Amino acid sequence: MRQAYMPADLEDLALFLRGLPGNEAVYLVGLGSNLLVRDGGLDATVVFTHRALREAAVVTDAAGGEIRAAAGVACPKLARMAAVNALAGAEFLAGIPGTLGGALAMNAGCYGGETWNLVQSVRTIDRAGVLRDRTPGHYTIGYRSVVRRCREFPCVPGEDGRGGREEWFVGATLRLARGDSAQSRATIQSLLARRIASQPLGQPNAGSVFRNPPGDHAARLIEAAGLKGYRIGGAAISAKHANFIVNEGGATAADIEALIALAQQTVCSRFGIELEREVRVIGEAA
Ligand SMILES: Cc1cc2nc3c(=O)[nH]c(=O)nc-3n(C[C@H](O)[C@H](O)[C@H](O)COP(=O)(O)OP(=O)(O)OC[C@H]3O[C@@H](n4cnc5c(N)ncnc54)[C@H](O)[C@@H]3O)c2cc1C
């Protein structure tokens, strides 16, 4: 079965998951900002959380406060909510063009901030529609990586979400310290200005293609390998930021995958460093 599904709310999502055939692959998508879908499409039921799981509330206390948000809420909205309520530490989310669910799955971060540094608890749903509250201790959290701990999740799905005992994020409680509203807004403005100056935001892309290797930057290595601006079909290694691949018009996923492989091979043969993908590649070749 292949279908796209946007739940009306959490109860609707639980009912939907419960009703799916046991062997049906399910893939959750937030805003798709970290995804490359191969040209043959994805043979799965795709659940879109954005515009569906959208509730968000702020509760403040003497020390700071919490944002309780559903997985479909956009990260920039969370950054604004925190700033408006004089809560500090979520400013970096302003520059991440995805949902809270995607940020939890990726441990999205930038400019020194990381999603899971803020997480007090997450709420998950499984295929039977069962909801669970989990804490960061249930996961091994790393740089752009969130791995379920084996004792809690005996069988872990692969990158494409298949196999294993699946659970998806439906919301989280983020803990933030008391801050200063004007200062947070100024930080957000300056982070966004840095992004506009350094990233090819006017062209379709999926963000950083590779994780930065320890002590170095993927962009520096790709540029030093002479690949900045290199094209295959309609795809190009961005002339503005070498860790971005942009669609200059008519690019296929195969063009982009070929550029990814070329960057990995060239950087490895020139510098002996294996670049690891950050962007998730899913689906089947055409
Ligand atoms: C211009 C640009 C700039 C970017 N800058 C940054 C940056 O600075 N830092 C950074 O970390 N990333 C960055 N990204 C990448 C991307 O925005 C983040 O990875 C983001 O967290 C993805 O969120 P999403 O909702 O779009 O997730 P998607 O791309 O839709 O999904 C990403 C992964 O998360 C999984 N997922 C999504 N929702 C859920 C859920 N509810 N439960 C379980 N799994 C789920 C998906 O199955 C998929 O495997 C950038 C992307 C772009 C295009």
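Q: What makes the contact between the side chains of Glu167 and Arg134 a salt bridge?
A: The N to O distance of this pair is 2.7 Å. A salt bridge is a side-chain nitrogen of Lys or Arg within 4 Å of a carboxyl oxygen of Asp or Glu, so the pair of Glu167 and Arg134 qualifies. Strands here are DSSP runs of E with at least two residues, helices are runs of H or I with at least four, and both are numbered from the N terminus.

Q: What kind of model is this, and which atoms count?
A: This is a predicted model, in which local features need pLDDT of at least 70 and side-chain atom pairs count only at pLDDT 80 or more, while totals for chains, interfaces and linings use all residues. Residues are numbered from 1 along each chain as its sequence is written, and side-chain values use heavy atoms, with hydrogens and water left out.

Q: Why is Glu66 called buried and Arg175 partly exposed?
A: Buried means under 20% relative accessible area, exposed over 50%, and partly exposed in between (1.4 Å probe, protein chains only). Glu66 has 12%, so Glu66 is buried. Arg175 has 28%, which makes Arg175 partly exposed.

Q: How do you know that Arg175 and Glu66 form a salt bridge?
A: Their closest N and O atoms are 3.8 Å apart, so the pair meets the distance limit of 4 Å. The two residues sit in distant parts of the chain, Arg175 in strand β14 (residues 167-178) and Glu66 in strand β6 (residues 64-70), 109 residues apart. Both also belong to a network of salt bridges with Asp61 and Arg68.

Q: Why do Glu223 and Lys228 count as partly exposed?
A: The relative accessibility of Glu223 is 42% and that of Lys228 is 32%, so both values fall between the two cut-offs. Their side chains meet in a salt bridge at 3.4 Å, N to O.

Q: What classes of residue make up the lining of the second largest pocket?
A: Twelve are nonpolar, three are polar and none is charged. Ala, Val, Leu, Ile, Met, Phe, Trp, Tyr, Cys and Pro count as nonpolar, Asp, Glu, Lys and Arg as charged, and the others, Gly among them, as polar.
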